[in-house]
Amino acid sequence: MPIRLIETVTHALSISASRRPLETGWRMTSTAPGAWASPADVDPAAEWLDAVVPGTVAAALEAAGRWSREAPSPLHDRDHWYRTTVAVAGRRRLRFDGLATFAEVFLDGAPILTSRSMFLSHEVDVDLRPGMELAIVFRSLSRALDGVKPKRARWRPRLIPEQRLRAVRTTLLGHMPGWCPPIDMIGPFRPITIFDPATDPIRDVRLDAGYDGIDGHLAARLVFEAAHVPASARLLCAGCETTLTPGPDGAFVGEVALAGIAPWWPATHGDPVLHAVEVEIDGVHFALGRVGFRRIEVDRGEDGRGFGLVVNGVPIFARGSVWVPIDLVGLAGDRAAHEAELTRMRDAGLNMVRVPGIGLYEAEAFHDLCDELGLLVWQDLMFANFDYPAADPDFVAAARAETHEVAARLARHPSSAIVCGGSEITQQAAMMGLPPTAWSNAIFDEILPAVAAETAPGLPWVRSTPDGGEMPFVADAGVTHYYGVGAYGRPLDDARRANVRFAAECLAFACIPEARTVTDELAVPPVHSPRWKAGVPRDLGAGWDFEDVREIYERMIFRIDPPALRHEDPERLLDVGRATVDHVIEETVREWRRPGSTCRGALVFTHRDPKIGAGWGLVDALGRAKSAFHALARASAPVVVILSDEGVNGLDVHVVNDTAAAVAGRLDLVALADGHRSAASGTREVAVPPHGSVSLAATEIFGGFFDTTRAYRFGPAAHDLTHARLVADDGTVIAEAFHHPLGRSAVRRRCGLTARVERVGADWELVIACEEAVSSVMVIDESFTATDGFHMAPGEKRVRLHRRPEAAAEATPEGSVRALDARERPTYRA
């Protein structure tokens, strides 16, 4: 039965107009480690470069032409200084939201702050005069590591060669050579702000927005600056209000009931409604931000081994990807850096993003956008793979402070769904052959869950991902990283046989970028050129890479010889590679979404490539969606048709409706021979309730027996394709699915494939037609993009064209269409 884990969500105080970012006038320079102990030692002849804050040393050097992301040079072996002047006078408070990593801050030469964690913010009260110099030195990480001597670890992960990093609170990005470029992340990567406490009366605010399924309640706790304790304070939200009164500790508290309040939903299941909150203090209004009312639960299933999210009483199939920072060089955290990518995820029918322990915490703008867009966030703490030193009191204190800050931030957002101790920590111990007693670590079993529970009461805690079964990495209990279909080369039906419960990572392949990226950035012989291989991920120390994994499935699905095809037709080899990954992702996610499946979530590893190449990313390093992304989108649509092969029980047709509105339409099912002749067909009117599904046997729709799955084999195959589609009353195809009973084929034939482009209002549409069914259709256009990798039954399909961001405003569509199994390659031109 479901266990209720969260009823409260908090939201932070909006930064007031008095809080000003210190963004201008910054310059930076680099020195040998320890060359300057303080600003008094600065060499007057040193060369200083312009620097962007928030930003990084790498970004400043790149802007000056002194560093290249294509061939990144080491930066951790130097000290790096930043300085600017402050044109403000009086008592002020400085806030540093992120300093990477060993930093010392000076004001007019006097030390005011020392930080040893990339993941903690700091505030310092200072007395300012115009023209004072603010200087920050980021000490050499290499030099700092020389002084790190943690207690001997019980295991040593191969993912990160530098083992001493387990004792340092910094990102592992840049330190994992199997897939991430060696970009050293140093500098003031999050905002530095200055404000006057005298004009900003609120010192701290906590808002708890509870939801019981019908009504909401909002509790507030405000702490004021000592000089600004108000005579009166009122809390206002959604037309309701309450008076805040001082409590025993001096904080002002109160609670307001909101009958029938509109709740927050993940976008796949409803509207992510947010409500503005204000406080009136002695007649003056202050914005406190926005809250979302929602209830979230974890469902362990009847056997207690499951793991699934229930939002507002509705079970959710979570689908999405594992996040990689968009800008690995500058570490941009603002809204502009994230809005387009997160919006693309929402529009694709994804509803969850996991921020993994191998990365870094995203900025507030990321979480604000997830609130607005209806994307659930699985947040790992930034711990991964290592045996972290639970006996080191300084390390534990830093981990406590970090978790408190992260949990407080998560609690402000209705999109927050899970807080997890880290990535592959218990798995690492188990896979090293250590006994279960060695898997435990007080940091993740006792210390940090207690901090998270106190700071964000009820926020679901997972001690590490994967975890939950007799072995942490088994698929049929708790949370898993499922690579049975994938790295371990298992057949596609293993996705059902393994009884996956929740895949917090899965389906990592060497995903080939779109044709234009290959042409522009990878104009080398594919697969075996050293430049091509540089972009293909691999497990460090392994004798294979993820291109080898993809080849396993190219042979399995299309029965081809990849080396021979590489020799004869390299372009076609890439098309087969794309189609292979698309097929595996789409079929696996559809299987997991099937009613009756044990699986409740699938997060593909990873969302975006950190460098150009056939990486794990669904999106390439230039921000261009790969065909793999479109495959995940097709399987993730809020309304989806699923065809499941049930062996001798035949083919089942499922219509899943995640939306909050009922869906009705005509369900058409046809078995095609030679891609165009009907061997059997049927139609059924269906009505699917909100957040519901309908399942039918194919024989119910056909009205009699037909060997749709080729289980009985009474003679030669009567068909080679089954096509199902749900059609609305106006003729719009709501969803469709394809089943290939004889397996996929890459044999090309005449299919009557044509294409033309039409103007529809201010937009362009591509009209693709075929006389015989075609598969894995691709659109190649220099100025426009379209969904890729889709299949077509005989007839027409209209595809929306989207202008590329870099395309000229006057550019019009011009390109070609090709399908994996079609001889024709029609062109089009507006």
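Just after helix 4, Gly 374 adopts a positive phi of about 80 degrees. With that as a starting point, here are some exercises on this predicted model.

**Exercise 1.** Describe how helix 3 and helix 4 are arranged: are they roughly parallel or roughly antiparallel?

*Solution.* Take the axes of helix 3 (residues 335-347) and helix 4 (residues 364-373): they come within 9 Å and cross at roughly 30 degrees. Angles under 35 degrees count as roughly parallel. The two helices are therefore roughly parallel to each other. As for handedness, their crossing is right-handed.

Now list who meets whom. Helix 3 contributes Arg 335, His 338, Glu 339, Leu 342, Thr 343 and Arg 346, and these meet Ala 365, Phe 366, Leu 369, Cys 370, Glu 372 and Leu 373 of helix 4. Sorted by class, this contact holds six nonpolar, two polar and four charged residues.

**Exercise 2.** Find the salt-bridge partner of Glu 364, and say which parts of the chain the pair links.

*Solution.* The partner is Arg 412, with an N to O distance of 3.1 Å. Glu 364 sits in helix 4, while Arg 412 is in the loop between helix 5 (393-411) and strand 26 (416-420), so to speak 48 residues away: the pair links distant parts of the chain.

**Exercise 3.** How many salt bridges does the model have? Take the pairs Asp 196 with Arg 92 and Asp 575 with Arg 818, and place each in the chain.

*Solution.* The count comes to 81 salt bridges. In the pair of Asp 196 and Arg 92, the closest N and O atoms are 3.6 Å apart. Asp 196 belongs to the loop between strand 11 (192-195) and strand 12 (202-211) and Arg 92 to strand 6 (residues 90-96), so the bridge ties together parts 104 residues apart in sequence. Both Asp 196 and Arg 92 are buried.

For Asp 575 and Arg 818, the N to O distance is 2.7 Å. Here helix 13 (residues 570-593) holds Asp 575 and strand 44 (residues 814-818) holds Arg 818, so the tied parts are 243 residues apart in sequence. Asp 575 and Arg 818 are both buried too.

Salt bridges can also share partners: Arg 93, Arg 95, Asp 97, Glu 123, Asp 125, Arg 203 and Glu 225 are joined in this way into one network.

**Exercise 4.** Is Gly 601 buried or exposed, and which residues does it touch?

*Solution.* First locate Gly 601: it is found in strand 30 (residues 601-604). Its relative accessible area is 0%, and Gly 601 is therefore buried. Leaving out residues up to four places away in sequence, Gly 601 touches Phe 317, Ala 318, Arg 501, Phe 502 and Ala 503. For Glu 405, 196 residues away along the chain, the C-alpha separation from Gly 601 is 27 Å.

Methods. Residues are numbered from 1 along each chain as its sequence is written. This is a predicted model: local features need pLDDT of at least 70, side-chain atom pairs count only at pLDDT 80 or more; totals for chains, interfaces and linings use all residues. Side-chain values use heavy atoms; hydrogens and water are left out. Axes are lines fitted to C-alpha atoms, for helices over the stretch in contact, and angles run from 0 to 180 degrees between N-to-C directions. Helices (H or I, at least four residues) and strands (E, at least two) are DSSP runs, numbered from the N terminus. Angles under 35 degrees count as roughly parallel, over 145 as roughly antiparallel, 65 to 115 as roughly perpendicular and the rest as oblique. A crossing is left-handed if the near helix is turned anticlockwise from the far one by less than a right angle, and right-handed if clockwise. Contact means heavy atoms within 4.5 Å. Ala, Val, Leu, Ile, Met, Phe, Trp, Tyr, Cys and Pro count as nonpolar, Asp, Glu, Lys and Arg as charged, and the others, Gly among them, as polar. A salt bridge is a side-chain nitrogen of Lys or Arg within 4 Å of a carboxyl oxygen of Asp or Glu. Buried means under 20% relative accessible area, exposed over 50%, partly exposed in between (1.4 Å probe, protein chains only).
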